[in-house]
Amino acid sequence: MREAHVYLGVAILVALVPLVGPDPYTVHVLTLCLLYAALSSSWNLVSGYAGLFSFGHQAFFGLGAYVSALLAMKAGVAPWLGLVIGGGAAGAAGLLIALPCLGLRAPPYVAIATLGFAEICRFITMNLVGLTRGELGLGGIPEMPAVHLPLFGTLSFGARGLPYFYLILVIYVGVMAVLYRLVRSPLGLALKAVRDSQDAAESLGVNVKRTKLIVFGLSSVIAGVTGAFYAHYVLILTPSSVFSVPIMVEIVAMTLIGGLGTFVGPSVGAFAVTLLLEYLRVLGDYRLLIYGTLLIVLILLMPAGVVRRILGQRVS
Amino acid sequence: MAAAILETREVSKRFGGIKALAGVTLSLHPGELLGLIGPNGAGKSTFFNVVAGVYRADSGTVRFRDRDIGSLPPHARCQLGLARTFQLTKPFFSLSVLENVTLGAYYGRKGDGVTLADARAAADEVLHVVGLSAKRDHLASTLTAGERKRLELARALATKPSVLLLDEVIAGLSSGEVGSMMEIIRSLPSTGVGILMVEHVMRAVMAISDRIVVFHQGRVLATDTPAAIANDPEVVSAYLGSSGSAAARSASA
C-alpha cells in the first residue's frame with residue numbers, strides 16, 4: 001500500500017497549490033490538467049490495459065457534456081445530478097458501441113468503429129439545431145450550484161472559481177482510486193491477459209466479452225463525468241469543442257508521453273502537455289510548431305513513456 | 001473401465017469445401033493418456049479446437065462428464081475442467097511467469113471461490129511441478145521456446161482440469177528438454193486427469209501413451225495400444241503412402 005500513500009501525498013500537495021499562489025489563471029490551468037488527467041486515465045484503461053485501441057473516446061466526453069448541459073438548461077436538472085446522468089448516458093453509449101466491437105480482434109478495426117461512432121455523435125449534435133443550436137453552440141449553461149459543506153462553509157462556484165478546482169480534484173482522486181483497485185484486482189490481471197492474447201485468456205477461463213464490456217462501460221462513464229464537469233465549467237459547448245478528433249489526439253499524446261498501460265502515465269502526460277500548451281502561448285504562432293517538435297522528440301527518446309523511463313520498463 | 005470423462009460422437013466440421021472432420025468418435029477416461037497422431041492435415045488441430053470450444057462442430061456431440069458442452073464458449077469449458085495448451089505458445093508477454101499461471105488458477109476455477117492469494121499459492125505449486133520456479137518473477141517475454149512450452153502446460157494445469165488437451169508440447173524442444181517434459185506428462189494421470197495429446201514426436205508419444213488414436217483425412221483410422229499401432233499396416237501406409245515398415249521402425253526406435 002506504500003505506493004498508494006505516495007499518490008495520496010501528491011494529491012494533497014496539489015490540493016494545497018491554490019493556497020500558495022491563488023492566481024486564477026494558474027488555478028484554471030491546473031483544473032484543465034486534472035480534467036485531462038482523469039480523461040486520459042479512463043482512455044488508458046481501455047487502450048493501455050485492455051489493448052482495445054479506441055479512437056472515439058471524445059464521443060463519451062461530449063455526450064456527458066451535452067447531456068448534462070441540456071438537462072440543466074431545458075429541464076432544470078441540477079448540474080450535480082447532471083454529472084451522474086451525463087456519466088451514465090456515456091456509459092450506456094459505451095456499452096452500445098462495445099457490443100459490435102467485441103468480435104473485432106485487430107486494433108485498427110476497433111479504432112475505426114469507435115471513431116465512426118464519435119463522428120456520428122458530432123454530426124447528430126451539429127444537425128439537431130432545434131435542441132443544440134448546432135455549431136452556434138450552447139451558451140449560458142448553468143454553473144455548478146453552491147454547496148454547503150460542514151467545515152468549509154458555503155462554496156459558491158462562480159465563473160471558473162476555485163471550487164471547480166477542488167471539485168475536479170475530488171473527481172480525479174475518485175477515478176484514480178477506482179482504477180488503482182481495479183488494476184490490482186483479478187479483473188486487472190484479466191485485462192492485461194486479454195491485451196497480450198485473447199485466445200489464451202479465453203482458454204484459461206476469462207470471459208473476454210464480459211471483461212471488455214466492463215472496462216468499456218467504466219471508461220465511458222468516467223469520460224462522461226469529466227465531460228459534464230467541463231460543460232458546467234466552461235459554460236459554452238460546441239460540437240467541435242467536445243466531439244472532435246483533436247481531443248482524441250490530445251488524449252493519445254498525453255497517454256503515450258506519460259506511458260501507455262501505466263497507472264500514473266496518463267496523469268503525468270496530461271500535466272506535461274497541458275502546461276506546455278498553456279505556457280508556450282508566449283511563442284504566439286510558433287506555439288504549435290514547437291509543441292509538435294517536442295512531441296516527436298519526446299516519443300523518439302522515450303517510446304515507452306516518461307514513467308517507464310524513470311521507474312523502469314516493468315512498471316504498470 | 002470407468003465411464004468416459006470426454007466423449008465425442010460423429011463430430012464433423014467443414015471449412016468451405018474442405019471436410020476437416022468427417023465423423024470423429026472417441027472417448028477419454030479419467031487417468032488415461034491418449035495420444036493423437038496422424039499426418040499433417042488429418043484434422044487433429046481442428047478436433048482440438050472443436051473440443052476446446054474455439055470452433056463449433058457442424059454435427060455430432062461433444063460430451064464432458066456426461067454433459068453436452070457443444071454450445072459452450074471456451075472460457076466456460078475451461079471453468080468446467082477442460083484445459084488446453086496451444087501449439088504456437090501464447091504467453092502473456094507483459095506479465096510475469098507467476099502472473100501468467102495465477103490467471104489460470106484464478107479464472108479457471110472461478111466457481112470455486114478462489115481468491116487471488118489462493119490462486120497465487122496454487123500457481124507457485126504448479127511452477128514447481130513444471131520446473132519453472134526459478135523463473136517465477138521473470139517476464140514471460142524473456143523465456144526460451146522450451147520454457148514457454150512449460151509455461152503453457154503450467155497455466156493449463158493451474159486451472160485444475162479433469163481433461164487436459166496438449167497440443168504438441170514436446171515438438172520443438174531440445175533433446176534434454178524432451179525427457180523432462182515426458183516425465184512431467186507421465187506423472188499427471190496419477191492425479192486422475194485424462195490427457196489427450198497431439199504429438200509429432202513419435203518416440204515420445206509412443207512411449208507415454210496408454211492408447212493411440214490415428215487420424216487420417218478427418219476420420220479415426222485406428223485406435224489401439226502403441227505397440228499394436230506401430231505394426232498396423234493401414235497406419236503405416238497412411239503415413240508413408242505405401243506399405244513399408246519404416247514408420248514402424250522409427251516409431252519403436
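**Packing, contact and sheet**

Reply: In this predicted model, Ile168(A) touches Thr31(A), Leu34(A), Leu35(A) and Phe229(A), leaving aside residues up to four places away in sequence.

Me: Which residues of the largest nonpolar core touch the most other members?

Reply: Ile168(A) and Phe229(A) are among them, together with Ala154(B) and Ile195(B), in a core of 172 residues. Helix 10 of chain A, residues 208-234, supplies the largest share of this core, with 13 residues, and at least three residues come from each of domain 1 (6-81 + 161-252) and domain 2 (91-159) of chain B.

Me: OK, switching to the contact: how many residues does each chain put in?

Reply: Chain B contributes 24 residues and chain A contributes 17 residues.

Me: And which element gives the most on the side of chain B?

Reply: Helix 3 of chain B does, with six residues; the elements giving two or more residues to that side are helix 2 (74-80) and helix 3 (97-107) of chain B. By type, the residues on the side of chain B that touches chain A are 12 nonpolar, seven polar and five charged.

Me: Now the sheet in chain B: what is the order of the strands?

Reply: Four strands run in the order 2-1-4-5 in an open sheet of chain B, with antiparallel pairing. Strand 2 (18-28) and strand 5 (67-68) of chain B are at the edges with a single partner strand each, so one side of each has no neighbour in the sheet.

Me: What packs on the sheet?

Reply: Helix 1 of chain B, residues 44-52, does, touching strand 1, strand 2 and strand 4 of chain B, and its direction makes about 65 degrees with that of strand 2 of chain B.

Technical notes: Residues numbered from 1 in each chain as written. Chains lettered and ligands numbered in written order. Predicted model: local features only at pLDDT ≥ 70, side-chain atom pairs only at ≥ 80, totals over all residues. Core = buried A, V, L, I, M, F, W, Y, C linked by C-beta atoms within 7 Å. Buried ≥ 20, exposed ≤ 12 C-beta atoms within 10 Å, placed from the backbone. Domains from an automatic or database assignment. Contact = placed C-beta atoms within 7 Å. Nonpolar A, V, L, I, M, F, W, Y, C, P; charged D, E, K, R; others polar. Pairing = 2+ DSSP bridges. Axes fitted to C-alpha atoms, helices over the stretch in contact; angles between N-to-C directions.
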